[in-house]
Amino acid sequence: LNPNLTVKLPPHLTAGTGIDAFFHSLEAYMVPTDVMLTRDGMTMDEIEYCDGFALKGMELVCRSLDRAVEDGADIESRLRMQIAALYGAKAFRKGDLGGVHASAHALGAVFHRHHGECIARMAVPVIEHSESRQDFEGEAKERAGVLAELIRNFAPSPSSSSYGASLSQNVDEYLKRFESSGIVVGCKDLVREGSESEDIQALAELAANDGCQTNPVPLNKTDYHQIFTRAASM
């Protein structure tokens with residue numbers, strides 16, 4: 001790792017790439033254990049190994065990304081972000097990532113936006129939708145609680161009292177701090193609203209056919225249509 005190679009990366013790309021690293025770890029951590037045991041043949045030791053990298057990777061982002069965006073020459077923060085990115089890559093040996101990446105891939109393909117920006121735009125709508133499902137329970141609900149607490153504990157913010165109980169609330173609150181760097185939650189400035197919107201139909205089709213589908217709850221084209229409809233209103 002060489003943090004000197006990243007010191008001239010501008011704030012909006014620093015924020016976007018850092019957010020992408022964060023969601024590599026987040027989505028890896030949320031992959032259902034039974035999927036990895038049965039589909040991929042992983043052992044519990046391997047799963048726990050990946051989970052450890054995921055949790056530490058997210059902690060590093062929460063502790064370091066603000067500073068890296070604020071002062072690109074801060075070598076210590078740049079190095080911690082590189083380590084966080086590495087840990088995220090190790091973490092998603094578990095699974096194929098999930099709906100945040102699937103929907104972000106679709107959004108980027110249609111509107112030609114930076115991948116990290118698309119991750120930030122779609123994260124909250126995807127997590128909100130998952131949390132609203134009746135089958136978001138058991139392990140999924142427990143793990144979401146762990147991550148909500150992690151953000152609350154490790155993301156330094158004078159407005160930490162505005163963090164909520166749910167993962168989607170805390171992700172939303174965390175992402176807001178990067179608004180001055182061009183990070184936006186939702187896509188009402190890009191996507192035409194309405195259930196018959198051609199934009200939403202095309203995006204839902206792309207997301208449903210994306211390879212990143214190891215979600216805490218299964219998502220199909222109808223789910224992605226609802227997710228993009230919500231994103232278009234934000």
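Reader: Where is His 112 placed?
Author: Helices (H or I, at least four residues) and strands (E, at least two) are DSSP runs, numbered from the N terminus. Helix α5 covers 99–111, and helix α6 covers residues 115–132. His 112 has its place in the loop between α5 and α6.

Reader: What kind of model is this?
Author: Residues are numbered from 1 along each chain as its sequence is written, and side-chain values use heavy atoms, with hydrogens and water left out. Local features need pLDDT of at least 70, side-chain atom pairs count only at pLDDT 80 or more, totals for chains, interfaces and linings use all residues, and the model is predicted.

Reader: Is His 112 buried or exposed?
Author: Buried means under 20% relative accessible area, exposed over 50%, and partly exposed in between (1.4 Å probe, protein chains only). His 112 has a relative accessible area of 68%. That is why His 112 counts as exposed.

Reader: What is the phi of His 112 near?
Author: Most residues other than glycine have a negative phi. His 112 is a residue other than glycine, yet its phi is positive. The value is near 55 degrees.

Reader: What is the phi of Leu 97, and is Leu 97 buried or exposed?
Author: Leu 97 is in the loop between α4 and α5. Leu 97 is not a glycine, but has a positive phi of about 65 degrees. Its relative accessibility is 5%, so Leu 97 counts as buried.

Reader: Which residue meets Lys 94 in a salt bridge at 2.8 Å?
Author: A salt bridge is a side-chain nitrogen of Lys or Arg within 4 Å of a carboxyl oxygen of Asp or Glu. Lys 94 sits in the loop between α4 (75–91) and α5 (99–111), and its partner is in helix α3 (residues 44–70), 43 residues apart. Both partners are buried. At 2.8 Å, N to O, the partner of Lys 94 is Asp 51.

Reader: Is Glu 173 buried or exposed?
Author: Glu 173 has 16% relative accessibility. Therefore Glu 173 counts as buried.

Reader: How is α1 set against α6?
Author: Helix α1 (residues 11–29) packs on helix α6 at an angle of about 45 degrees, with axes 7 Å apart. Axes are lines fitted to C-alpha atoms, for helices over the stretch in contact, and angles run from 0 to 180 degrees between N-to-C directions. Angles under 35 degrees count as roughly parallel, over 145 as roughly antiparallel, 65 to 115 as roughly perpendicular and the rest as oblique. So α1 against α6 is oblique.

Reader: Which residues does Ala 155 touch, beyond those up to four places away in sequence?
Author: Ala 155 is in the loop between α7 (139–154) and α8. Ala 155 counts as buried because its relative accessibility is 3%. Contact means heavy atoms within 4.5 Å. Ala 155 touches Cys 62, Leu 150, Tyr 163, Tyr 174 and Arg 177.
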